[in-house]
Amino acid sequence: MYNFTQEQLRRYARHFSLKECGFKGQEKIIESKVLVIGAGGLGSPVALYLAAAGVGEIGIIDDDSIDLSNLQRQILHTTQEIGTPKIESAHKKLSALNPHITITPYHTRLTASNALEIFARYDVIVDGVDNFATKFLINDACVLLEKPYSYGGILRFAGQSMSIKPKQSACYACVFNAPPPEGSVPNCAQAGVFGAVAGMLGTIQAAEVLKIITGIGTPLYNELLSFDALEMNFRKIALKQNPQCRVCGKNGITTLQDYTPTHCAML
């Protein structure tokens, strides 16, 4: 068994009290590596809760800088940090929250040329991005590497999430197939997003990641969780893996491609 320090015994005491998690579950968390793609509205709560839980290494990819309009929902960042790279702000906050974990920043844009190399060293991937092109790229890379991952999307007052276990559950492309045509979906600046919705969905994704790591509960495999925060309604939609899926099907992809960027993805 992992040799927990006295500090760790106090820090993770509430996990130890859960019979479903306990010492074995916390050991799995400490020894895990999770990659969070995006340090924005979804990536902020995901990364904060994973750091608090004690995930051994958290990688974060983001090439953007903090803007005043981000602060309504991107809770990793502060007013004093406007104009600085989000990755720097994320590194500082997460390290302050839990100095015993490793934060690995990637100040770069995720592309078909770097995705496989970066993903390969992580156990679970988190999609916290706001554009269709990157969401489909994340799915493709995870399928090729057979890496489990959590998908999330928000727009206005709505959010949705599912967890993907490549080759064993429906992938993102099984459900949505391909990015929508440019201009067919309003972006977040046009349609808006209720700030707290990002926190709601991000914490759901963090819980899914911890369930996948520890093996407890039932992750959202073959299920799409959708909610409307205006009425506070939640529902699950049953999904099936598509044998003819262009990505994970029997004649699926063997290499990565970059997709045409389209922003603000609920898909």
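This is a predicted model: local features need pLDDT of at least 70, side-chain atom pairs count only at pLDDT 80 or more; totals for chains, interfaces and linings use all residues.

1. Residues are numbered from 1 along each chain as its sequence is written, and side-chain values use heavy atoms, leaving out hydrogens and water.

2. The largest nonpolar core has 36 residues (buried Ala, Val, Leu, Ile, Met, Phe, Trp, Tyr and Cys joined through side-chain atoms within 4.5 Å; buried means under 20% relative accessible area with a 1.4 Å probe, protein chains only). Leu 35, Ile 37, Phe 119, Ile 125, Ile 138 and Cys 171 touch the most other members. Elements giving at least two residues each include β1 (33-37), β5 (149-155) and α7 (132-145), and α7 has the largest share, eight residues. Helices (H or I, at least four residues) and strands (E, at least two) are DSSP runs, numbered from the N terminus.

3. Apart from this core lies another, of 26 residues, with Val 46, Ala 53, Val 126 and Val 209 among them.

4. There are 12 aromatic pairs (Phe, Tyr or Trp six-membered ring centres within 6.5 Å; edge-to-face means planes over 60 degrees apart). Tyr 106 and Tyr 122 pair edge-to-face, 6.4 Å centre to centre with 75 degrees between the planes. Tyr 106 is in β3 and Tyr 122 in the loop between α6 and β4, so the pair ties together parts 16 residues apart in sequence. Both tyrosines are buried.

5. Do have a look at the cluster that ring pairs make of Phe 136, Tyr 151, Tyr 172, Phe 176 and Tyr 259.

Definitions and conventions
Buried means under 20% relative accessible area, exposed over 50%, partly exposed in between (1.4 Å probe, protein chains only). Rings of Phe, Tyr and Trp (its six-membered ring) pair if their centres lie within 6.5 Å; planes under 30 degrees apart count as stacked, over 60 as edge-to-face and the rest as tilted.
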